[in-house]
Amino acid sequence: MTTAYPTIEELKSQAKRLRQAMEARGTAISHSAALELVAQQHGVRDWNTLSALATRPNEEPIAAISVGSLVRGRYLNQPFTGKILALSAYGGGRHKITIHFDEPVDVVTFESFSAFRQRINAQIDGNGVSPRKTSNGVPQLVLDI
């Protein structure tokens, strides 16, 4: 998903206002710490990531999902619910996504053994569907969005 971010100037202004508000409440923080907090408020890892995203042209989002969103769908044809831990544009209309499942998903279809996963990394298109498919032609990941 691509999110519309404020300009670098607005983000720096947000950090300045945050720093002033914190100082008024008796907690002095550096400008760089304020920038890092602003980045976290926008759901990204750090200021460098946010400033890079803010300089990109804003594109249409794939859906109303973002870091921290609760999602549901099917992974390797198994139903799941979980939380998005990371989401970034990949190119060609695809996105990288990291999901932490609420309950581990058994990714093996054999009755003789199981293998559970609770966190996955995948690629999805604008509809929340993975371009990669299982051996029977079903997309590996399908989000209900």
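At what angle do helix H1 and helix H2 pack, and how far apart are their axes?

Author: This is a predicted model, in which local features need pLDDT of at least 70, side-chain atom pairs count only at pLDDT 80 or more, and totals for chains, interfaces and linings use all residues. Residues are numbered from 1 along each chain as its sequence is written, and side-chain values use heavy atoms, with hydrogens and water left out.

Helix H1 spans residues 8–24 and helix H2 residues 31–41; they pack at an angle of about 115 degrees, their axes lying 8 Å apart. H1 is therefore roughly perpendicular to H2 (a term for angles of 65 to 115 degrees). Helices here are DSSP runs of H or I with at least four residues, numbered from the N terminus. Axes are lines fitted to C-alpha atoms over the stretch in contact, and angles run from 0 to 180 degrees between N-to-C directions.

The crossing of H1 past H2 is right-handed (the near helix is turned clockwise from the far one by less than a right angle). H1 contributes Leu-11, Lys-12, Gln-14, Ala-15, Lys-16, Leu-18 and Arg-19 to the contact, and H2 contributes His-31, Ala-34, Leu-35, Leu-37 and Val-38; contact means heavy atoms within 4.5 Å. By class, this contact has seven nonpolar, two polar and three charged residues.

H1 also packs with helix H3 (residues 47–55), at an angle of about 145 degrees and with the axes 9 Å apart. Here Ile-8, Leu-11 and Lys-12 of H1 meet Trp-47, Leu-50, Ser-51, Ala-54 and Thr-55 of H3. The residues of this contact comprise five nonpolar, two polar and one charged. In this classification, Ala, Val, Leu, Ile, Met, Phe, Trp, Tyr, Cys and Pro count as nonpolar, Asp, Glu, Lys and Arg as charged, and the others, Gly among them, as polar.

Notes: Helix = DSSP H or I, 4+ residues; strand = E, 2+ residues; numbered from the N terminus. Parallel < 35°, antiparallel > 145°, perpendicular 65-115°, else oblique.
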